[in-house]
Amino acid sequence: MDQEKIIQYALGNISDVEEKNEISQYLMENKEAREFYKSIKNMWSLTKGGDEGDGLAVEYKRLSKQMGRPRYSLFRHVMKYAAVLVFAVAISYSLLHYLSRTETQPMNEVICPAGQIAEVVLSDGTHVWLNAESRIRYSAAFNGENRNVELSGEAFFDVVKDAENPFLVKVNEMQVKVTGTSFNISAYPENDFSETILVEGKIELLNQQGKRILELKPGEMASYDLTEKKIYLSKVDTRFYSSWKEGKISFHNERLEPIIAKLERWYNVKFVFKDEEIKDYRFTGTVLKNKPLFQVLEIIKLSSPIKFEVIQKSEDKNEIILMKEN
Amino acid sequence: MIQEKELNTELLNLIKRGDENAFRIVFNSYFPRLLAFSAEYVNDREVAKNLVQESFLKLWENRESLKADSDLKAFLFQVLRNKSLNYLKAVKVKQKYEEHLKYRYNELVLNYEALNQLDFDVLSFNELKGIIENTIEELPPQCKRVFELSRYEMLKNKEIADKLGISVKAVEGQMSKALKQLRKRLKEHFPSDLFAILLTII
């Protein structure tokens, strides 16, 4: 039997059953041919390109279920105090704000500074997690009946159910109306879009006049493009959008630019892109907020040809220059 | 670019400390090649996927006891090799012998033997990979093109033939040429008895 045939067989290019039986039987009986087959098989298995299975994110998810939860005990501890601290600062700030306002309708404001996450419990029992550099405003008269808040930045809401008195979130040019549910909204003023992601329950998006635009189902995201005035609806993995409240940022095949924007808020630093093209590098992974920034940078550096330069500033935020490694 | 060796050491240290981010980088880097590797022997992609998962799990669970000079890639390939061997052995016992499908049984035996020879505890994984990569670089252009289409894009011979406007026969010829050249190079680099185990000369 010629070598060509054995090679094609080893590479899986022969599909005819009769032929497969014949070649395999020949290999079983002929020692030299058998050794030749084995060496081709081994070389091919080592040279062959990759197979991502069901996709790396899906495969990793499957694996992480078996990995057992990583140990964050120390982190949880620290986070709890950090949240309490921010809460205290936020309360005193809102009081100050409240006292200085001259409008007829007094407002409360909770501000979460860069580098922090704050958890706020409203008087109706609704939980709000504020991401870094975010704020919510609500009337001092907020109560079980008047459940209106205004958001700038990003927040995760876990709204107490009350079918009669809907909870309304005003966010740039829209309103989100809910009766009881959990969802995430991201609407940072520097972005020209806002994103609303529903985890469970039901929510409605209303325009400024209170007219219904659309209804979201769990696992759906509505992105509102402020410049085009258009809403895009898509299916998403909600975990990627609400993981920040557990002190993590997860991203899947995301461009570096938005990732860096998140890191800026979390670590309260300023990044400068020296090379435009690295903004488009894509990353998949999870960043834990309790990890020091340099460790996060190290991971980025290890997995891509990017290097960093840190400029310490005594007055202002530290500046980190990102550039391509040659 | 950072050298692969330094990268390995950095990642290894992070993983030993339980850093999941580093582990995920390793997962994303090696999962595809490990899956393709195992599937080549076990002939069942679903089974191969599970075996690769188990191999990564083993790395994670044993992270603290990894030696400081371990090569993560070689470690994973070796674990996967052993798991694939165990699988083939178990299936071989269960496989019913049917005359009209005897290739199924024969392949289990042949692939078990082939994989058994590929012992990364004995062979230097990196050296082996290095020689293969270099040899592919040296192949004549058309031969290299055919080989790479088959290898990276996993095209069938017919698809390659269509793409390059040549006959299927010519594609087969180029593939054979590439693999024979590889074999020749490997024999030059591993003249010792050690490599004779892997590549017996006809």
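**View 1. The buried side of helix H8 in chain A.** Start with H8(A), residues 293-303, where the buried residues are Val296(A), Ile299(A), Ile300(A) and Ser303(A). Around the helix axis these residues take up an arc of only 95°, which puts them on the same side of H8(A). (That arc is taken from the directions that lead from the helix axis to the C-beta atoms.) The cover over them includes helix H7 (256-267), strand E16 (282-288) and E17 of chain A, together with H2 of chain B. A residue counts as buried when 20 or more other C-beta atoms lie within 10 Å of its own, as exposed when there are 12 or fewer, and as partly exposed in between, with C-beta atoms placed from the backbone. Helices (H or I, at least four residues) and strands (E, at least two) are DSSP runs, numbered from the N terminus.

A word on what you're looking at: this is a predicted model, in which local features need pLDDT of at least 70 and side-chain atom pairs count only at pLDDT 80 or more, while totals for chains, interfaces and linings use all residues. Residues are numbered from 1 along each chain as its sequence is written, and chains are lettered from A and ligands numbered from 1 in the order in which they are written.

**View 2. A three-stranded open sheet in chain A.** The strand order here is E15-E18-E17, and the pairing is mixed. Strand E15 (270-273) and strand E17 (306-311) of chain A are the edge strands, each with a single partner strand, so one side of each has no neighbour in the sheet. From one strand to the next, the twist averages 25°. (Axes are lines fitted to C-alpha atoms, for helices over the stretch in contact, and angles run from 0 to 180 degrees between N-to-C directions.) E17(A) runs antiparallel to strand E18 (residues 319-324) of chain A, and six bridges pair them. Look for Phe308(A), which sits opposite Leu322(A) in E18(A). For two strands to pair, DSSP has to find at least two bridges between them.

**View 3. Strands E9, E12 and E13 of chain A.** Strand E9 (residues 193-200) and strand E12 (residues 220-225) of chain A run antiparallel and are joined by five bridges. Across from Ser194(A) is Tyr224(A) in E12(A). E12(A) also pairs with strand E13 (residues 230-235) of chain A, again in the antiparallel sense, over six bridges. There, Glu220(A) has Lys235(A) in E13(A) as its bridge partner. The hairpin of E12(A) and E13(A) has four residues between the strands, and in it Lys229(A) takes a positive phi near 55°.

**View 4. Two asparagines with positive phi.** Most residues other than glycine have a negative phi. Asn268(A), though not a glycine, has a positive phi of about 55°. You'll find Asn268(A) in the loop between H7 and E15 of chain A, where it is partly exposed, with 16 other C-beta atoms within 10 Å. Over in chain B, Asn43(B) has a positive phi near 60°. Asn43(B) belongs to the loop between H2 and H3 of chain B and is partly exposed, with 16 other C-beta atoms within 10 Å.

**View 5. Chain B and its helix H7.** Chain B has 10 helices and zero strands, and 36% of its 202 residues count as buried. In helix H7 (residues 141-151) of chain B, the buried residues are Val146(B), Phe147(B), Leu149(B) and Ser150(B). Down the axis of H7(B) they fall within an arc of 160°, so they line one face of the helix.

**View 6. Where chain B meets chain A.** The contact draws on 55 residues from chain B and 49 from chain A. Two residues are in contact if their C-beta atoms, placed from the backbone, lie within 7 Å. On the side of chain B that touches chain A, H2(B) gives the most, with 16 residues. That side of chain B divides into 32 nonpolar, 10 polar and 13 charged residues. Here nonpolar covers Ala, Val, Leu, Ile, Met, Phe, Trp, Tyr, Cys and Pro, charged covers Asp, Glu, Lys and Arg, and polar covers the others, Gly among them.

**View 7. The largest nonpolar core.** This core has 112 residues, and those that touch the most other members are Ile40(A), Leu130(A), Ala155(A), Val26(B), Leu34(B) and Leu76(B). H2(B) gives the most to this core, with 14 residues. Leaving out residues up to four places away in sequence, Val26(B) touches Leu11(B), Ile15(B) and Leu72(B). A nonpolar core is a set of buried Ala, Val, Leu, Ile, Met, Phe, Trp, Tyr and Cys residues joined through C-beta atoms within 7 Å.
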